[in-house]
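These notebook entries record what I looked up, one topic at a time. I begin with a loop residue and then turn to helices and sheets.

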Amino acid sequence: MKPHSNLYKDNLLNNVIPFWERHSLDRTNGGYFTCLDREGKVYDTDKFMWLQGRQAWMFSTLYNQVEPKENWLEIAKSGVDFIRHKGMDAQGNVYFSLTANGQPLVQPYNIFSHCFAAMAFAQYGIAAEDQEYKELAKKTYLNILLRKDNPKGKYEKGTLARPLKSFALPMILSNLVLELEDILEPNEVERTIDFAVREVMEVFLDGKSGIIYEFTKPDGSLEDSFNGRLLNPGHGIEAMWFMIDIAVRRNDRELINKATETIVKILEYSWDEEYGGIFYFMDSKGHPPQQLEWDQKLWWVHLETLVALAKAYEQTQNPEISAWYTKVHDYSWQHFSDPQHGEWFGYLNRRGEVLLNLKGGKWKGCFHVPRAMLQCWKAFERMENKGIIK
């Protein structure tokens, strides 16, 4: 492992964040434009609440963890105010998308809009010492828990003929609850952590193969169907760095070792030996996946893997983790980084060629790239300070 803290710090503060500061701010309506082309020009003005919450969280976190810059706090405020005043219905549910000036376009069917809004409200509340936003974060979090057994509610289009539960919710709760730790009651934090760790490591992590499934039956057994066989390697690996954060907080070596072992298992299963990179979707039995984009290489999958490997190495100094880090690092920086116009490309084809040269859209915004830069910067800085890496 090479000392990479300056690489990630420099890219975060002198490349990625300035890109979003220059191009994404809607100074007329508040909130952010996220549909940006390669150069940063806005090509669509619709606003997706996932990305509004994520960007407001990112700038609040920079203010809280890097430097209390007033400009960062103002950018964060623009996002949380837009969500609060335009992005929520009377019951506190968060719409999926809005027009630029805040007219709802898509109903609040997606619980992850709530999750990212809660993260943003919490970190902004801490940054601005704003009790109203802290209370709104708590209220939004409790609304998520009310919907966790039926996340889409009346917007669910499936029948009950084949009930499956999703990995995504316990995965995101394992991160969300730490984001809200200063706001929630300690018992609530521990209860949610226990639930999330149990679901992730004992239900969705298959003991036989060592990999993580996206769906299981309600009793935790596997289902032989398209969704039942579905693997999303990026999700599994991202969840492992959430598990490592929890394990460090609890001084749980067994959980650190199990998460580290799982990262390696997933990478061995999902690495494309012919062209390099990590597959987006896979079928656990090797059948054709439903997702036509299954063999694409996506930015967030590789960035979350770099975070997971950095954190795993910090805790274990496992040479197998070091070798995987070098492999994923070299592929990611060679293929996704855009030295000409800044930020990272999001979508490559299987051969590693740029498929879409956008920097932001419906799903890609100011989140995975800067969060990974921040997480890797801090992980490497700790390792360098401790002499783990020289």
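**Entry 1: Lys154**

I looked up Lys154 and found this residue exposed, with a relative accessible area of 73%. I note at the outset that the model is predicted. Lys154 is placed in the loop between H5 and strand E6 (165-166).

**Entry 2: Loop residues with positive phi**

I next looked at backbone torsions. As background, most residues other than glycine have a negative phi. I recorded two residues with a positive value.

For Glu129, phi is near 50 degrees, which is positive although the residue is not glycine. Glu129 sits in the loop that joins helix H4 (111-128) to helix H5 (131-147). Is Glu129 buried or exposed? I found it exposed, because its relative accessible area is 71% and the cut-off for exposed is over 50%.

For Asn251, phi is near 55 degrees, again a positive value in a residue other than glycine. I located Asn251 in the loop between helix H8 (233-250) and H9. Asn251 has 65% relative accessibility and therefore counts as exposed.

**Entry 3: Helices H1 and H12**

I examined the packing of helix H1 (residues 5-23) with helix H12 (residues 368-386). The angle between them is about 150 degrees, and their axes are 7 Å apart. H1 is therefore roughly antiparallel to H12, since angles over 145 degrees are counted that way. The crossing of H1 past H12 is left-handed.

Which residues make the contact? On the H1 side I listed Ser5, Tyr8, Lys9, Asn11, Leu12, Leu13, Val16 and Ile17. On the H12 side I listed Val369, Pro370, Met373, Leu374, Cys376, Trp377, Phe380, Glu381 and Glu384. I classified the residues of this contact of H1 with H12 as 12 nonpolar, 2 polar and 3 charged.

I also followed Gln375, which is found in helix H12. Leaving aside residues up to four places away in sequence, Gln375 touches Trp241, Val307 and Lys311. For Gln375 and Lys311, which lie 64 residues apart along the chain, I noted a C-alpha separation of 8.6 Å.

**Entry 4: Helices H9 and H11**

I turned to H9 and helix H11 (residues 319-335). Their axes come within 11 Å and cross at roughly 45 degrees, which means that H9 is oblique to H11. H9 passes H11 in a left-handed crossing.

In this contact, H9 contributes Thr260, Val264, Leu267 and Glu268, and H11 contributes Glu320, Ile321, Trp324 and Val328. I sorted the residues of the contact of H9 with H11 into 5 nonpolar, 1 polar and 2 charged.

I then looked up Thr262, which lies in helix H9 (residues 253-270). Thr262 is buried, as its relative accessible area is 3% and the limit for buried is under 20%. What does Thr262 touch, not counting residues up to four places away in sequence? I recorded Met201, Leu205, Gly210, Ile212 and Met240.

**Entry 5: Sheet E3-E4-E5**

For the sheets, I recall that strands pair through backbone hydrogen bonds, either parallel or antiparallel. I found an open sheet of 3 strands, ordered E3-E4-E5, in which the pairing is antiparallel. At its edges stand strand E3 (47-48) and strand E5 (104-106); each has a single partner strand, so one side of each lacks a neighbour in the sheet. Strand E4 (residues 97-98) pairs with E5 over 2 bridges in the antiparallel sense. Leu98 stands opposite Pro104 in E5.

**Entry 6: Sheet E10-E11-E12**

I also recorded an open sheet of 3 strands with the order E10-E11-E12 and antiparallel pairing. Which strands stand at the edges? They are strand E10 (297-298) and strand E12 (354-356), each with a single partner strand, so that one side of each is left without a neighbour in the sheet. Between E10 and strand E11 (residues 347-348) I noted antiparallel pairing over 2 bridges. The bridge partner of Lys297 in E11 is Leu348.

Definitions and conventions: Residues numbered from 1 in each chain as written. Predicted model: local features only at pLDDT ≥ 70, side-chain atom pairs only at ≥ 80, totals over all residues. Heavy atoms only, no water. Axes fitted to C-alpha atoms, helices over the stretch in contact; angles between N-to-C directions. Helix = DSSP H or I, 4+ residues; strand = E, 2+ residues; numbered from the N terminus. Parallel < 35°, antiparallel > 145°, perpendicular 65-115°, else oblique. Left-handed = near helix turned anticlockwise from the far one by under 90°. Contact = heavy atoms within 4.5 Å. Nonpolar A, V, L, I, M, F, W, Y, C, P; charged D, E, K, R; others polar. Buried < 20%, exposed > 50% of the residue type's maximum accessible area, 1.4 Å probe, protein only. Pairing = 2+ DSSP bridges.
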